[in-house]
Amino acid sequence: MTRKPLVSHIYTADPSAHVFEGKVYIYPSHDLDLEVEENDLGDQYQMTDYHVLSQAQPDGPATDHGEALHLKQVPWASRQMWAPDAAFKDGKYYLYFPARDKDGIFRIGVAVGTRPEGPFVPESQPIKGSFSIDPCVFRDDDGQFYMYFGGLWGGQLQCWPTGKFVADAKTPPDGQLALCPKVAKLSADLLQFATVPQDAVIRDTAGVPLKAEDTTRRYFEGPWMHKYKDTYYLSYSTGDTHLLVYATAKSPMGPFTFGGRILSPVVGWTTHHSIVEFQGRWYLYYHDATLSGGVSHRRSVKVQELFYEADGSIREMVP
Ligand code: FUB
């Protein structure tokens with residue numbers, strides 16, 4: 001399988017891949033070709049819309065279906081449309097996306113359509129009680145949908161220490177517990193949380209929750225959930241150590257046990273992925289910044305096959 005960008009006429013990142021109508025649909029961020037200074041808050045990621053891609057086969061060409069949703073259509077949002085995800089239920093497609101509200105606080109919104117490629121019509125308000133970034137929506141075999149979300153630093157996960165927004169809150173110091181991604185059940189109409197978001201706790205193999213200084217294993221951003229042979233795999237980026245890693249559990253709410261690495265660092269600062277099964281094989285969709293010569297906010301989505309070992313562990317890959 002060639003590891004070329006799926007498309008090169010636009011920059012794309014943060015791919016969430018799903019199989020709908022017998023094809024792979026990819027819901028990426030749409031990186032803009034801007035000359036901006038980079039900082040740790042991610043101000044360089046100034047995206048304003050979403051395009052949906054599809055492929056008949058993961059090793060085949062990708063189609064760009066054009067703009068599916070624009071910032072100016074979303075009444076509550078002010079800027080920075082970051083990593084989205086999508087879901088399907090009862091004939092409708094749902095696009096979930098983080099953006100800053102009019103106060104500069106990241107919230108998670110949802111937009112609804114009748115086709116996997118959109119267009120999508122946004123709800124007038126973000127999901128009640130939503131915060132931070134990087135929604136991942138997972139449908140379990142019993143039909144219950146879950147949302148995983150959260151991102152450190154510019155993603156503001158650390159800004160909610162007591163349930164109220166604290167703009168200058170810091171991530172926990174060394175010695176304290178690492179912040180966890182959040183998980184909530186979704187309501188039957190997929191438009192709201194049905195439960196209060198709770199920590200998806202990640203522990204080491206001795207059962208001890210990961211600490212803040214454990215930066216090659218602790219959660220940073222970009223959660224993804226998939227199920228393989230009755231085991232729930234929560235995979236994510238370690239952010240400032242630039243790894244994709246995973247943890248497993250017997251319940252979609254956790255607690256999760258750290259499992260290992262999926263992908264070593266890519267070209268560019270961020271690493272963000274999804275994992276999807278298509279015709280009995282598994283694929284890792286991810287991004288890097290090779291096409292732009294390493295500019296971290298001009299990324300391109302790629303795909304490569306993913307393999308499990310006999311014990312259920314994921315074979316580590318190099319990009
Ligand atoms: O694309 C903007 C942000 O960069 C995403 O929300 C993060 O996961 C990181 O990839």
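The model is predicted, so local features need pLDDT of at least 70 and side-chain atom pairs count only at pLDDT 80 or more, while totals for chains, interfaces and linings use all residues. Residues are numbered from 1 along each chain as its sequence is written, and side-chain values use heavy atoms, with hydrogens and water left out.

**Pocket and cavity**

- Rolling a probe the size of a water molecule over the atoms shows where empty space is left.
- On a 1 Å grid over the protein atoms alone, a cavity is a set of points where a 1.4 Å probe fits but cannot get out, and a pocket is an open set with protein on both sides within 12 Å along at least five of seven lines.
- Lining residues have an atom within 4 Å of a point; points are joined across faces, edges and corners, and a volume is the space filled by probe spheres set on them.
- The largest pocket has a volume of about 550 Å³.
- Its lining has 20 residues, and His18, Phe138, Arg139, Met225 and Val276 lie nearest the centre of the pocket.
- Two or more lining residues come from each of strand 1 (11-20), strand 6 (85-89), strand 10 (136-139), strand 15 (221-228) and strand 19 (273-278); strands are DSSP runs (E, at least two residues), numbered from the N terminus.
- By class, the pocket lining has 14 nonpolar, two polar and four charged residues (Ala, Val, Leu, Ile, Met, Phe, Trp, Tyr, Cys and Pro are nonpolar, Asp, Glu, Lys and Arg charged, and the others, Gly among them, polar).
- The whole structure holds one cavity of 30 Å³ or more, and the largest cavity contains about 40 Å³ of space.
- Residues lining the largest cavity include Ser16, Asp134, Cys136, Trp224 and His272; its lining divides into six nonpolar, two polar and one charged.

**Nonpolar cores**

- A nonpolar core is a set of buried Ala, Val, Leu, Ile, Met, Phe, Trp, Tyr and Cys residues joined through side-chain atoms within 4.5 Å; buried means under 20% relative accessible area, exposed over 50%, and partly exposed in between (1.4 Å probe, protein chains only).
- The largest core has 59 residues, and Tyr96, Met147, Phe256, Ile262, Ile275, Leu284 and Leu306 have the most contacts inside it.
- A second, separate core of 19 residues includes Leu69, Val74, Met81 and Tyr93.
- Leaving aside residues up to four places away in sequence, Leu306 touches Ile262, Ile275, Trp282, Tyr283, Leu284, Ile314 and Met317 (contact means heavy atoms within 4.5 Å).
- Trp282 belongs to strand 20 (residues 281-288) and is buried, with a relative accessible area of 11%.

**Aromatic pairs**

- Rings of Phe, Tyr and Trp (its six-membered ring) pair if their centres lie within 6.5 Å; planes under 30 degrees apart count as stacked, over 60 as edge-to-face and the rest as tilted.
- This rule gives 25 aromatic pairs.
- Phe88 and Tyr93 form a tilted pair, 4.6 Å centre to centre with 40° between the planes.
- Phe88 is partly exposed because its relative accessibility is 33%, whereas Tyr93 is buried at 5%.
- Phe138 and Tyr232 form an edge-to-face pair, 6.0 Å centre to centre with 85° between the planes.
- This pair links distant parts of the chain, with Phe138 in strand 10 and Tyr232 in strand 16 (residues 231-237), 94 residues apart.
- Phe138 counts as buried at 8% relative accessibility, and Tyr232 counts as buried at 6%.

How values were computed:
Helices (H or I, at least four residues) and strands (E, at least two) are DSSP runs, numbered from the N terminus.
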